[in-house]
Amino acid sequence: MTGSVTVIGGGSWGTTLANLLAEKGLSVRLWVRSNSLCELIREKRENPAYLKGVRLSDNILPTTSIKEALEDSPIVVCAVPSHGIRAIFTEASQYIRKDAIIVSTSKGIEEGTHLTCSAILKECLDRELHQRVVVLSGPSFAGEVSRGLPTAVCVAGIPEYTESIQRLFSTPSFRVYTNPDMTGVELGGALKNVVAIASGISDGLGLGNNARAALITRGLKEMVRLGVECGAEEKTFYGLSGMGDLVLTCTGELSRNRKVGLEIGKGKTLGEVLSGMKMVAEGVRTSRSVRELARVKGVDMPITEQVYNILYESKSPRDAVMELMTRRLKEE
């Protein structure tokens with residue numbers, strides 16, 4: 001491969017992926033928004049704001065210039081929060097090579113449009129790049145990947161491009177599978193964040209392991225229902241980007257979405273929780289957009305509905321649990 005790889009987004013995941021590729025000997029240009037953070041990465045070889053304690057490869061070249069980051073790059077990785085994609089890539093599109101592969105690693109559903117992250121990218125990019133967009137997703141805490149702990153993810157899209165990205169990102173500790181179902185892979189990564197908030201609320205209320213298991217299982221059912229209605233394959237949700245990411249995010253101590261739910265379950269308001277967080281918990285915004293999408297599609301998603309009510313309608317978490325448990329009895 002000729003040219004540098006570009007990673008757009010200097011958060012924990014963008015920095016981790018940039019470092020993973022740089023440690024393979026590739027030259028990686030990392031675009032970050034903050035001038036001060038850019039200087040820290042350049043001088044200290046560390047991202048203290050989002051990936052503290054991890055030494056970054058000398059092959060990473062941080063920049064705050066979109067043009068400089070993208071110049072003649074054959075691979076562009078999108079690692080910005082879902083709500084920032086449209087603005088950033090509207091500007092960036094003019095600098096992206098027409099034969100580049102675009103790797104979407106963001107997880108969310110845009111509010112108002114109900115678009116997935118790859119669909120937002122396609123609205124920003126020239127038409128000839130649309131088929132060259134792929135999605136990288138799966139159960140992958142940045143802190144563990146950056147320490148070289150074993151991780152498995154998948155990349156979805158057209159095989160010609162997914163196989164190239166599979167080879168590019170795979171290492172002895174980071175295993176990448178291919179999957180043709182981009183819709184399912186992407187929806188799995190977005191929808192599981194809402195269930196993770198529910199799981200955190202349950203844990204914060206002290207409802208026990210039985211309740212958490214029920215939420216994960218029934219939450220997966222909701223993910224499948226909406227996914228299939230949107231054109232995804234059901235089997236995708238039982239793989240890494242569905243069940244795998246769901247279990248990790250609902251149970252892992254590093255899960256930002258679970259943390260939001262946990263603190264709300266303990267009595268804090270959403271505003272209080274978010275004011276104490278530096279990194280984005282995608283499930284907060286996604287719960288609103290998914291609720292809207294489910295209503296448009298006519299899909300029953302009771303857990304998502306209750307998460308929305310707790311976050312945005314100030315509903316008591318205990319009342320929400322009671323409503324879920326006393327719904328009309330039905331077949332599984």
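Cys-117 is accordingly in no disulfide, and the structure as a whole holds zero disulfides.

Cys-78 is buried, with a relative accessible area of 0%, and Cys-117 is also buried, at 0%; buried here means under 20% relative accessible area, with a 1.4 Å probe and protein chains only.

## About the model

This is a predicted model, in which local features need pLDDT of at least 70 and side-chain atom pairs count only at pLDDT 80 or more, while totals for chains, interfaces and linings use all residues. Residues are numbered from 1 along each chain as its sequence is written, and side-chain values use heavy atoms, leaving out hydrogens and water.

Helix H8 (residues 182-205) packs against helix H14 (residues 302-312) at an angle of about 70°, with their axes 9 Å apart; helices are DSSP runs of H or I with at least four residues, numbered from the N terminus, and axes are lines fitted to C-alpha atoms over the stretch in contact, with angles from 0 to 180 degrees between N-to-C directions. That angle makes H8 roughly perpendicular to H14, a term that covers 65 to 115 degrees.

Where the helices meet (heavy atoms within 4.5 Å), Val-194, Ile-197, Ala-198 and Ile-201 in H8 touch Ile-303, Thr-304, Val-307, Ile-310 and Leu-311 in H14. By class, this contact has eight nonpolar residues, one polar residue and no charged ones, where Ala, Val, Leu, Ile, Met, Phe, Trp, Tyr, Cys and Pro count as nonpolar, Asp, Glu, Lys and Arg as charged, and the others, Gly among them, as polar.

Conventions: Helix = DSSP H or I, 4+ residues; strand = E, 2+ residues; numbered from the N terminus. Parallel < 35°, antiparallel > 145°, perpendicular 65-115°, else oblique. Disulfide = S-S within 2.5 Å. Buried < 20%, exposed > 50% of the residue type's maximum accessible area, 1.4 Å probe, protein only.
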